[in-house]
Amino acid sequence: MKANTKPSTAAGTKVARKTDAKGSKVNKAWLHDHINDPYVKLAKREGYRARAAYKLKEIDENLGLIRPGSFVVDLGSTPGAWSQYVRRKLSPGGAAAGELNGQIVALDLLPMDPIEGVIFIQGDFREVEVLHILEQTLSAGGVSRKVDVVISDMAPNLSGIESADAARIADLVELAVEFSVHHLTQEGALVVKLFHGGAYDPMVKLFKDTFRTVKRFKPKASRPGSSETFLVGLGLKMPDAAMPGVS
Ligand SMILES: C[S@@+](CC[C@H](N)C(=O)[O-])C[C@H]1O[C@@H](n2cnc3c(N)ncnc32)[C@H](O)[C@@H]1O
């Protein structure tokens with residue numbers, strides 16, 4: 001036992017060192033790319049908290065999802081770039097503050113610095129209690145209004161184990177679809193982030209079963225090497241009560 005333990009510890013140390021050296025090279029390369037990334041520079045210039053804003057911007061400019069008066073739910077909103085984009089889009093003059101023609105409710109596991117006009121809920125979207133708080137917020141003041149657009153950039157912490165990661169991603173996407181079936185207007189839209197891999201085809205099928213039109217997007221701002229992609233569902237196929245698997 002001892003004899004086995006020593007070599008494996010030594011080997012383990014070597015492997016750990018190798019990984020550290022490689023890891024620091026990768027980190028340096030990532031940092032270099034990040035600093036020189038045109039979308040990072042643009043985000044800084046335009047006051048967005050993250051370059052992610054330009055992914056939603058491209059999708060929105062293609063499909064015209066966010067319109068004056070829209071009611072938008074932003075899932076996985078922190079640090080807040082998508083909410084900032086929607087907020088500006090719903091301002092008559094595109095301003096980050098002041099008049100807002102629409103409503104935005106944002107939700108994330110992590111805290112988010114306030115954005116004027118955006119209602120923020122901190123919690124795990126997978127938890128029933130958090131869903132209830134979100135639903136209560138949607139019907140604040142006793143008015144139960146349907147949502148025009150649900151945007152979800154939620155991403156689990158990836159473990160690198162493909163089957164486990166695929167299941168986690170699928171779980172979040174399925175919950176976003178289920179939420180949308182209950183809360184979107186008949187002509188509403190759902191945008192979700194997805195990764196190529198095991199969960200991709202089943203999620204595309206779920207979208208096709210749920211929405212009348214399904215679009216796939218790889219925005220220019222999405223890092224080229226990333227397997228990240230976006231699915232957009234437009235118009236519910238059936239009212240929620242008639243949707244298969246929806247209770
Ligand atoms: C890529 S970031 C979102 C960036 C955001 N769209 C923006 O523009 O600033 C993904 C977010 O998803 C959140 N997230 C992951 N799983 C979640 C869950 N189960 N419930 C709520 N938020 C979750 C993470 O905390 C993280 O902040």
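**From pattern to terms**

Reply: Read along the sequence, this protein, which is a predicted model, follows the pattern α-α-α-β-α-β-β-α-β-α-β-α-β-β, and its secondary structure comes to 7 helices and 7 strands.

Me: Why are H6 and H7 called roughly parallel to each other?

Reply: Helix H6 (residues 162-183) and helix H7 (residues 200-210) pack at an angle of about 5°, with their axes 10 Å apart. Angles under 35 degrees count as roughly parallel, and H6 and H7 are therefore described in that way.

Me: What makes H6 and H7 neighbours in contact, that is, which residues meet?

Reply: From H6 come Ala 170, Val 173, Glu 174, Val 177 and Val 181, and they meet Pro 202, Met 203, Leu 206 and Thr 210 of H7. By class, the residues of this contact divide into 7 nonpolar, 1 polar and 1 charged.

Me: What makes E3 and E6 edge strands?

Reply: The open sheet has 7 strands in the order E3-E2-E1-E4-E5-E7-E6, with mixed pairing. Strand E3 (118-122) and strand E6 (211-217) each pair on one side only, and they are the edge strands. Neighbouring strands of this sheet are turned by 15° against each other on average, when direction is ignored. H7 packs on the sheet, where it touches strand E5 (184-195), E6 and strand E7 (228-236), and the direction of H7 makes about 15° with that of E7.

Me: Where is the cis peptide bond, and what is its omega?

Reply: The cis peptide bond joins Thr 78 and Pro 79, with an omega of about 10°, and Pro 79 is found in the loop between E1 and H4.

Me: How many residues surround the ligand, and which are the closest?

Reply: The ligand is surrounded by 22 residues, of which the closest are Ala 52, Gly 76, Ala 81, Phe 125 and Asp 153. Helix H4 (81-89) and strand E2 (103-108) are the elements that give two or more residues to this shell. Its residues divide by class into 13 nonpolar, 4 polar and 5 charged.

Note on methods: Residues numbered from 1 in each chain as written. Predicted model: local features only at pLDDT ≥ 70, side-chain atom pairs only at ≥ 80, totals over all residues. Axes fitted to C-alpha atoms, helices over the stretch in contact; angles between N-to-C directions. Helix = DSSP H or I, 4+ residues; strand = E, 2+ residues; numbered from the N terminus. Parallel < 35°, antiparallel > 145°, perpendicular 65-115°, else oblique. Contact = placed C-beta atoms within 7 Å. Nonpolar A, V, L, I, M, F, W, Y, C, P; charged D, E, K, R; others polar. Near = placed C-beta within 6 Å. Pairing = 2+ DSSP bridges.
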